[in-house]
Structures are given as C-alpha cells and as structure tokens.
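Subject: Structure handover

Hi,

Here is the structure I promised to pass on to you. Please have a look at it first, and then read on for what turned up.

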Amino acid sequence: GLDPAGPYFEGTPPEVRLDPSDANFVDVIHTNAAHFPAAGLGMYNTTGHLDFYPNGGTVMPGCTDLIPDMKKSDFEAIIADATIFGGCHHSRSHEFYFESILYPTGFLSYPCETYKSFEEGDCFPCPQEGCPMMGHYADRFPDKLKRVNQKYFLNTAADEPFATWRQKVFIKLSGVKKTSGDINLVFHDTQGHTKEYE
C-alpha cells in the first residue's frame, strides 16, 4: 500500500479499505497521512501487517508543496485540487519503494508508539526479533505477520536515493574535569563512502 487513500476511507470498516486480510502480506508506506486540521491525501491509521511511517508519515523532507491547516468543512471543497496540497508528499511512497530495491539495507525501521518518541531516541535499539526494512525487502522480516497495528518509524534523506545512515552514538568522557573542543564522527560504509558529523 503506497500511501493508501485517507479521504473518505479513514475510519471506515475494513471491508471498504486496505486491511491485513486483503493479501497474505500487506506492506504499507504512509507518506502524507495527516490528521485534521492538516489536510492529507493518505491514511494515518495502520492498515497492513507492517505499517511504515518515514519522517513521521505526514510531511516529507525535500517537498515544498503546501499541506494547509483547514476546517473539516473546508476539506471537501479543496480535495478536488489536492494535487497541489501534498502531491509530492503523497508520491514519495512509491519513490521510497523504488529506492528500497537498490538499497536493501537503507530503510531500517524501528517499532515505536509515536514519531515524537522515535525522534527522542526512545525506540533504540531494535527489539530481540529485529527491525524490518521499509519497502521491497519488508517481506524478509521474520515476524512480518505477527505485528499487526504496530507502527514503524524511520527518517529519510530529502533527496534521492533517500536512504540515510542511522546510528546512535554514545560518547562518554571520563577522567577529565574540563574538556573543550569539537568531536567529529566519521562513518565509513562498505563501498568506501564517508559521512562526517561535528
């Protein structure tokens, strides 16, 4: 499910929308799943076996189109022109899926209750059963059929190929009372690429 439709489907019975009974494995990427008062083209509720919420699932980095705040009564009047409100965010779901084919380990996702908890680092490390990859390789996750209604969060880059490196680094300084200077972390991947953070 590539950002399954939200308008007229959010909150409806499973018989009329995407749900885990629709296939042996239902893999969902939410990219424009906004709640009122924000308008969005996608659905926020979990609708599959694995539901991925890159960047929180609503606003995608690198997209410049607007997602306006509005009253629910205004929503139907605007939905006809919704392509200008969130079209980039909505279409990122299939772009993420395309890139996931080329980057099998580029979209590691973490089970978490909310995106805020994910951003605060509360969802690290992966649980004992591991973490799934968003996209093409999601079906390789051993517990893919056991985690219905679980949200998985990750961050992506703003530009293609969208895959980002994700590490959590703890630095502990001991034995020195006063320290000054910069700490630079340099990450090296298996292809010889490096990324440096101050």
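This is a predicted model: local features need pLDDT of at least 70, side-chain atom pairs count only at pLDDT 80 or more; totals for chains, interfaces and linings use all residues.

**Overall layout**

The chain has three helices and six strands. Read from the N terminus, their order is β-β-α-α-β-α-β-β-β. Of the 198 residues in the chain, 39% are buried. Among contacts with a separation of 6 or more, 67% are between residues 24 or more positions apart.

Ala-23, in the segment before strand 1, is 26 residues from His-49 in sequence and 9.6 Å from His-49 in space. Ala-23 has a relative accessible area of 37%, so it is partly exposed. With a relative accessible area of 2%, His-89 is buried.

**The cores**

Which residues touch the most other members of the largest nonpolar core? They are Leu-50, Phe-52, Phe-96, Phe-107, Met-134 and Tyr-152, out of 14 residues in that core. Strand 2 (50–54) and strand 4 (151–154) are the elements that give two or more residues to this core. Another core, of 13 residues, lies apart from it and includes Tyr-44, Leu-108, Tyr-115 and Tyr-137.

Beyond its neighbours within four places in sequence, Tyr-152 is in contact with Leu-50, Asp-51, Phe-52 and Tyr-53, among others. Its contacts also include Ser-109, Tyr-110, Pro-111, Pro-132, Phe-141 and Arg-147.

**Helix 2**

Helix 2 covers residues 87–102. Its 16 residues should span 22 Å at 1.5 Å a residue, and the end C-alpha atoms are 24 Å apart, which agrees. The helix bends by about 30 degrees at Ser-93. Ser-93 is also one of the buried residues of helix 2, together with His-89, Arg-92, Phe-96, Glu-99 and Ser-100. Strand 1 (27–29) and strand 2 are included in what covers these buried residues.

**Aromatic rings**

How many aromatic pairs are there? The count comes to twelve. In one of them, the ring centres of Tyr-115 and Phe-118 are 5.9 Å apart with the planes at 20 degrees; stacking requires planes under 30 degrees apart, so this pair is stacked. The two residues are three apart in helix 3 (residues 115–119), so about one helical turn separates them. Both Tyr-115 and Phe-118 are buried.

Tyr-115 also pairs with Phe-153, this time in a tilted arrangement, with 5.9 Å centre to centre and 40 degrees between the planes. This pair links distant parts of the chain, with Tyr-115 in helix 3 and Phe-153 in strand 4, 38 residues apart. Phe-153 is buried, as is Tyr-115. Ring pairs join Tyr-44, Tyr-53, Tyr-110, Tyr-115, Phe-118, Phe-124 and Phe-153 into a cluster.

A charge over a ring turned up as well: Lys-144 lies over the face of Phe-25, at 5.3 Å from the ring centre.

**Backbone details to look at**

There are cis peptide bonds to look up. The bond from Phe-124 to Pro-125 is cis, with omega near -10 degrees, and Pro-125 is in the loop between helix 3 and strand 4. The bond from Glu-160 to Pro-161 is cis too, with omega near 5 degrees. Pro-161 lies in the loop between strand 4 and strand 5 (185–188).

Positive phi values also occur outside glycine. Asn-149 has phi near 75 degrees, and at a relative accessible area of 59% this residue is exposed. Phe-162 has a positive phi of about 70 degrees although it is not a glycine. Is Phe-162 buried or exposed? Phe-162 counts as buried, at 2% relative accessibility, and is found in the loop between strand 4 and strand 5.

Happy browsing, and talk soon!

Notes:
Residues are numbered from 1 along each chain as its sequence is written. Side-chain values use heavy atoms; hydrogens and water are left out. A nonpolar core is a set of buried Ala, Val, Leu, Ile, Met, Phe, Trp, Tyr and Cys residues joined through side-chain atoms within 4.5 Å. Buried means under 20% relative accessible area, exposed over 50%, partly exposed in between (1.4 Å probe, protein chains only). Helices (H or I, at least four residues) and strands (E, at least two) are DSSP runs, numbered from the N terminus. Contact means heavy atoms within 4.5 Å. The expected span of a helix is 1.5 Å times one less than its number of residues. The bend at a residue is the angle between axes fitted to the seven residues ending there and the seven starting there. Rings of Phe, Tyr and Trp (its six-membered ring) pair if their centres lie within 6.5 Å; planes under 30 degrees apart count as stacked, over 60 as edge-to-face and the rest as tilted. A charge sits over a ring if NZ of Lys or CZ of Arg is within 6 Å of the ring centre and within 35 degrees of the ring normal.
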